[in-house]
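The sequence and the model come first.

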Amino acid sequence: MGGRVLRLAGWLVTIGVALVVSLWSAAPAAAHNSLTGSSPADGARLAQAPTRIELRFLARLDPNTTKITVTGPDNVPASRGAPTVNGSRVRVTFVPGAAGLYIVDYRVSSADGHPVSGEIRFTLTTGTPADPSPSPTAVTGPPPPPTPVPVDPTPSTAGASAAPAADTDAGDDGGTPAWPWGVGAVAVLAGLVAVLLVRRRPRSTG
């Protein structure tokens, strides 16, 4: 009878020591905050972008020490405004961009003041198209001046040769020959000389 009591007492002491050790080791872990879930989930692939990102933690969050940053492809910021804390949850507005990998970095504090940081990642398979750039307006102005046609300084040989030929032909057709007038003048002079000689000849008496 006494042996059974001793064995039972030994088992109770062993169980009590194990409980004390487990509670002692669990106390520091409970003091540290940790991420318990997110939306979108870590590693998710989404065809439609969410409107906000939510992180859920083990313990209540302090709004003054809770920081969330979201970056997309090429480290482009993908969030708007300050995060909103509600108990152990924090939300931030998501601004989608190009398709690709998005990283959500978080930094929160624990009950003992120890900071806890980490990240989740998700992928957008369909991005938001960029705003089309306005096409430059065509500037209309006065038409360009006409290109001057180069003038050949050398006079036309055809015109120059045709003008003298026309003058020569006009002189030949419209003028009267001068030699008949010379012949007539010589004949008149000869007649006058003959008349004078006849008058000066002495008449015969008889």
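Buried means under 20% relative accessible area, exposed means over 50%, and partly exposed lies in between, with a 1.4 Å probe and protein chains only. The model is predicted, so local features need pLDDT of at least 70 and side-chain atom pairs count only at pLDDT 80 or more, while totals for chains, interfaces and linings use all residues. Residues are numbered from 1 along each chain as its sequence is written, and side-chain values use heavy atoms, with hydrogens and water left out.

**Salt bridges**

- A salt bridge is a side-chain nitrogen of Lys or Arg within 4 Å of a carboxyl oxygen of Asp or Glu; by this rule there are four salt bridges.
- Glutamate 54 pairs with arginine 89 in a salt bridge, at 3.6 Å from N to O. Glutamate 54 is in strand β3 (residues 52-57) and arginine 89 in strand β6 (residues 89-94), so this pair links distant parts of the chain, 35 residues apart. Strands (E, at least two residues) and helices (H or I, at least four) are DSSP runs, numbered from the N terminus.
- Glutamate 54 also forms a salt bridge with arginine 91, where the closest N and O atoms are 2.6 Å apart. Because glutamate 54 lies in strand β3 and arginine 91 in strand β6, this pair ties together parts that are 37 residues apart in sequence.
- A network of salt bridges links Glu54, Arg56, Arg89 and Arg91.
- Arginine 121 and glutamate 119 form a salt bridge through their side chains, at 2.9 Å from N to O. Arginine 121 counts as partly exposed because its relative accessibility is 36%, and glutamate 119 is partly exposed at 37%.

**Threonine 123**

- Threonine 123 is placed in strand β8 (residues 115-124).
- Threonine 123 counts as buried because its relative accessibility is 18%.
- Leaving out residues up to four places away in sequence, threonine 123 touches Ala44, Arg45, Leu46, Gly100 and Leu101; contact means heavy atoms within 4.5 Å.

**Surface patch**

- Val188, Leu189 and Leu192 make up a nonpolar patch on the surface, with about 300 Å² of accessible area together.
- Patch residues have over 30% relative accessible area and no salt bridge; nonpolar side chains (Val, Leu, Ile, Met, Phe, Trp, Tyr) are joined within 5 Å, like charges within 9 Å. Accessible areas come from the Shrake-Rupley method with a 1.4 Å probe, and for residues only the protein chains shown count as cover.
- Leucine 192, one of the patch residues, sits in helix α3 (residues 179-200).
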